[in-house]
Amino acid sequence: MLPWISLLVLAPISGQFAPPKSVISLHPPWTVVFKGEKVTLTCNGFHLSTSRRTTWHREHRRRKELHETLGNTLEVQEPGEYRCQVQGSLLSSRVALLFTQALLILGAPFAVFEDDPVLLQCRAKREAALETLRLHKNGKPMRISGKIPDVYIAHASLKDNGAYHCTGVKKDDSPVSSNTVKIQVQELFPQPVLKASSSWPTEGGPLTLTCQTQLAPQRSDVQLWFRFFRDGQTLESRWSNSPEFQITAVWSRDSGSYWCQAKRVTSRAGKMSQELQINVKIPVSQPVLTLSPPGAQAAEGEVATLHCEVQRGSFPITYQLYHEGAPLKKEEGSSQRAMPFRLPLTTERSGSYDCSADNGFGPRRSEGVHIPLKVPMSQPILTLSPPGAQAAEGEVVTLHCKVHRGSSRILYKLYHEGVILGSSLAPSEGEGASFSFPLTTEHSGNYYCSADNGFGPRCSEAVSLSVIVPVSRPVLTLRAPGAQAVVGDVLEVRCEAHRGSPPILYRFYHEDVALGSSSAPSGGGVSINLSLTADRSGNYSCEADNVLGTQHSNTVSLSVTVPVSRPVLTLRAPGAQAAVGDVLELRCEAQRGSPPILYRFYHEDVALESSSAPLGRGVSINLSLTAEHSGNYSCEADNVLGAQRSEVVTFCVIVPVSRPVLTLGAPGAQAAVGDVLELRCEAQRGSPPILYRFYHEGVALESSSTPSGGGASFNLSLTADHSGNFSCEAHNGLGSQRSEAVPLKVTGLTANRSGLTATGVAGGLVSLAGLAALALVSYCRLSGKAGGRPTSKPSRSSSDSDSQEPTYHNVPGWVEMQPVYSNVNPRQGEVIYSEVRGIQKKNSHAAASSAPGLQSKDSSVIYTQVKRASAPACRPQLLASSAPHR
């Protein structure tokens, strides 16, 4: 058993040139053998040497193994696919070996090439004792002479391709069949190709012929022979083992048809190449061109003959005639060494001629021959440099006039709009005339030139030139509908360059931000319109461009005037209420509007003061408050675009009450017990509402509020205890003032008043209750509804007095008195119910002391209606220190 190891890694072969593949050969040359037999594998490779190491690869049932031998042979007894690699060669193709226990096998080589000797052998095991062995091809038994069914093919060819197998019969007459072998005869080498070192060898030079073919890698050890032929004759009498044939010098007689033949040494026939035509050529000498008839000058209309001649060269020769370097005529001569060219002379034929000769080795060119023909001029051509129909002012241009055909000494003239600008004489043919000058605006127009060499002048086509003037610095103009630019106006922005060639492209900018662009195809300026908003204020500029550069205008500033918005008037006082003597700040401010803004302040539509805000925002004025400052205030903002008036703010100045005056009104000259005494307290000055309090000997009797100002009255039914000093007090939130004391002496009852005591007391009480109810209604109304409208003092008319006067029937005693309901002024206004309580009269002193406070909880209740009065002209209010009144 050979020492195989598992194949882990196969290193790739690297190098600039890949060597040939290794080849495996077998001995015996069969791929199917009986189990227990041995097969010797031989690995042939590039630069084969038995001392070199050989690597063997075996793969069987997906298992890979690697073995290395010192020589190039290996004896094996195991099935599998074998490959080998000799040092210096690539890995070989696979060879599959099968070691079988079959009774009958067919031994055949695994690869068959053309002309190979092939032995097909039916092999049976001895113990099988098979009889009637036969060899079959493609399923049919082969006719074989002799008893042995083996077949020997001396020279394999394509007719031997097919599927072969053997059959036999056991002693018990049961058939036995061998493995099938497919034989495909392969090409030993392809048809050779004849290559020559040159298909057009030069006479006297060497020539190498090569018969190229390639043996199959499996038969690289086969020896090939070669033979070369020309026009059906062998170049050598014997076969040669060299694929090359050398001819040291070839001559014109060596031209002909060549081919080669290659064959195996042991073969009777070989393979022939395709024919290769080889022509031995002699290069032509330099041709000579001659003119006939010779002369210094030829006239137009004559026929000239030009001969192109070579002294040596292989035929055929191709002759070519040239005029001024351009090919004119071509002729081919198979036996002529001089080729004539006849051509009639015209004005176009004047100039230089030469010829060439070529016989396959490349053309040879003659020297030139000049035919001096007097030729009229072609139409001159005027060109402009630098080219283009436009040029900038100040640029130097060159106009060049030239004819492409015409005899020498030509006079050129340049014209601008029909006026000659200059002339120039060109002494040599082919030269033109140039005219250069710096451009001005007057140089715009059409140019042409003329040329004359004695046959008369000829004029060129006109060339138009437009002199472009660079744009001047543009002027930017802003036009608004009025003297000022106002928000909402349409502003015309115009940009104009007073100098410059059209078309001119204008671009507009606001604070370096592009607004738009417009082109003026015929020059002049362009305008764009902008609808003005507040953010359109700022710097404007424009630029003009007509391809010769850009010019920027000066910057123009624009202030967009914004009309003032409706101002807001704010009143600020030191405290929550404004009193006489306080300093009141009036601030007027418009949130929007262009400065300067003039502010005017008004009190009851009478102007107070004006103040200007140069930078916008608002202004303030201060007032030292007096009582006359109460009323409606407003302000006005004006920035020439129209005035805006603020909303009206009503403002009240609170005047401290003056010292009130107390007056006592008695029914008669003297006050007696039982009389009803009217006490009236009035402050001549003071902001309403005013709260009045009445006192008797310092003891509070009653209080009454006057929402609309004025005085307050209080009726008192006198008793003997009411003698003494009476006073009153006025208060309106800014401090109280006490009147001077007024003394009163109450006398006893008289005879004539005694009968009226009960009625007078009852009437006085009712009157007192009514007055108390009215005062209480007004006070409670003001106190109970914060911010409500104050009520005025109720008034009575004489017509209402009778209808509204309460009527009493069977009035009970003081203790038993019931509520009385009466309507007071029910015709107009809202109705307020005030509560008046009846007083239980225990004695006159008690009644007098309890009436002012109306504190008795046991008294009856009298409801009366009181009409709500209209709001007073001025009432106290709270002033925010910062929030505006709107």
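**Disulfides between strands**

Modeller: Cys211 and Cys260 are both buried. This is a predicted model. In it, the sulfur atoms of Cys211 and Cys260 lie 2.1 Å apart and form a disulfide. The link of Cys211 and Cys260 is right-handed, with 70° about the S-S bond. Cys211 belongs to strand S21 (residues 207–212) and Cys260 to strand S25 (residues 256–264), so the bond ties together parts 49 residues apart in sequence.

Next comes the pair in strand S29. Cys308 is joined to Cys355 by a disulfide, S to S 2.1 Å. The torsion about the S-S bond of Cys308 and Cys355 is about 80°, so this disulfide is right-handed. Cys308 lies in strand S29 and Cys355 in strand S33 (residues 351–358), so the pair ties together parts 47 residues apart in sequence. Cys308 and Cys355 are buried. Strand S29 (residues 303–309) also holds Thr305. Thr305 counts as buried because its relative accessibility is 11%. Its contacts, leaving out residues up to four places away in sequence, include Leu291 and Phe341.

Now the pair further along. A disulfide connects Cys681 and Cys728, S to S 1.9 Å. The link of Cys681 and Cys728 is right-handed, with 70° about the S-S bond. Cys681 is in strand S65 (residues 676–682) and Cys728 in strand S69 (residues 724–731), so they tie together parts 47 residues apart in sequence. Cys681 is buried, at 0% relative accessibility. Cys728 is buried, also at 0%. Cys459 is in no disulfide; the nearest cysteine sulfur belongs to Cys449, 7.9 Å away. Cys459 is partly exposed, at 42% relative accessibility. The disulfide count comes to eight.

Note on methods: Residues numbered from 1 in each chain as written. Predicted model: local features only at pLDDT ≥ 70, side-chain atom pairs only at ≥ 80, totals over all residues. Heavy atoms only, no water. Helix = DSSP H or I, 4+ residues; strand = E, 2+ residues; numbered from the N terminus. Buried < 20%, exposed > 50% of the residue type's maximum accessible area, 1.4 Å probe, protein only. Contact = heavy atoms within 4.5 Å. Disulfide = S-S within 2.5 Å.
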